[in-house]
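Please view the sequence and the structure together before reading on.

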Amino acid sequence: MKNSSFSKAVPASKHLWDVVVIGAGPAGCLAARDLALRGATVLLVERKAIPRPKICGACLNHRGSHVLKTAGLESLLASPTVSSANLFHLQVGRCVCRLGVGNMHVAPRSWLDGELARFAEAAGANVVTETEARVAGVESILEDDHEHRSVEVLLKPSHGEVRSVRAGAAVVADGLGHPSLQGGHGWSEQVAPTSRVGMGATFSSDHRFYQEGTIYMGVGRHGYIGVVRLSDGRLNCAAAVDPSWLSSSGGLAGAADRLLIEARLPVPTELAQASW
Ligand SMILES: Cc1cc2nc3c(=O)[nH]c(=O)nc-3n(C[C@H](O)[C@H](O)[C@H](O)COP(=O)(O)OP(=O)(O)OC[C@H]3O[C@@H](n4cnc5c(N)ncnc54)[C@H](O)[C@@H]3O)c2cc1C
């Protein structure tokens, strides 16, 4: 899909949208695109610039690929940026399990999500980036014996003043913790303090062990780490680790190093210099 730069301009407050979608991850982009294709006026708000970095193992399982195909986005899977993986290499110390996984897809997440946002825009959704959204409340208006509900969403651009917009509905697709619902309106979500935290890095490495077409997963006592080679030759690493262990592991690269060693997977030398 052609490059497009998304708008940072927050729309006028008076406009009543059918739907405001908060968060331009796969959930938000696909929801915004689908709603726009069905004729709804859609505002998709993302707090970061697109493409944005995203911690992810970069693998699409068959269900994920099926969702894209069902949405008519099969062309994405044929992109040269997407490669395929047929083998899953699971390693826990001396135990190694190698499983055939059919034709799974491997794609850098920042690229995939950026493409999905462009498809949402091409379908007619208005995409606004670098703007944080927060659901302020729901209002009911009685008109001709009909109750109309509208959601007020506050938009805070990274540079500029807060503006309020209204919509018939809001789709909250803002990921873990649902930050856009925090604010004392009866919604709350808490992430358990002992939940594992995600960390990731993508870096150049020609380490021979890590071959394109295989998904490597190492498991240790304090977390797990996945490694795949992307179509451009770089390695994508993503891990989930215990937060208390992380703080005693000498930083993110140190934790990744220890996880790989414990799982008995090779440590690429470039891992230490990578931006985690
Ligand atoms: C270590 C790790 C490895 C993983 N590996 C894989 C994998 O290999 N394959 C896979 O399919 N899944 C993987 N996942 C899971 C995957 O990343 C998530 O399931 C997926 O990102 C969820 O998509 P989403 O659209 O719901 O949310 P997200 O992708 O998190 O998108 C939410 C968006 O909302 C934006 N946002 C947040 N708050 C606001 C706000 N107030 N206003 C505006 N925007 C906001 C965020 O910036 C973000 O862009 C992995 C996760 C982790 C932690």
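This is a predicted model: local features need pLDDT of at least 70, side-chain atom pairs count only at pLDDT 80 or more; totals for chains, interfaces and linings use all residues.

**Strand S1 and its partners**
- Strand S1 covers residues 16–22; five of its seven residues are buried, so the strand is largely enclosed by the rest of the structure.
- S1 and strand S9 (residues 163–172) run parallel and are joined by six bridges.
- S1 also runs parallel to strand S2 (residues 42–45), with four bridges between them.
- From S1 the chain passes through helix H1 (residues 26–37) to reach S2, forming a right-handed β-α-β crossover.

**The largest nonpolar core**
- The largest nonpolar core contains 67 residues, and those touching the most other members are Val 20, Ala 32, Val 42, Leu 44, Ala 120, Val 153 and Ala 170.
- Domain 1 and domain 2 each supply at least three residues to this core.
- Apart from neighbours within four places in sequence, Leu 44 is in contact with Val 21, Ala 24, Gly 28, Ala 32, Ala 120, Ala 125, Asn 126 and Val 127.
- In soluble globular proteins, nonpolar side chains tend to be buried together.

**Domains**
- The protein chain is divided into domain 1 (16–56 + 111–181) and domain 2 (85–105 + 194–273).
- The centres of domain 1 and domain 2, taken over C-alpha atoms, are separated by 34 Å.

Notes: Residues are numbered from 1 along each chain as its sequence is written. A nonpolar core is a set of buried Ala, Val, Leu, Ile, Met, Phe, Trp, Tyr and Cys residues joined through C-beta atoms within 7 Å. A residue is buried if 20 or more other C-beta atoms lie within 10 Å of its own, exposed if 12 or fewer, and partly exposed in between; C-beta atoms are placed from the backbone. Domain bounds come from an automatic or database domain assignment. Two residues are in contact if their C-beta atoms, placed from the backbone, lie within 7 Å. Helices (H or I, at least four residues) and strands (E, at least two) are DSSP runs, numbered from the N terminus. Two strands pair if DSSP finds at least two bridges between them. A crossover is right-handed if, with the strands pointing away from the viewer, the path from the first strand over the helix to the second runs clockwise.
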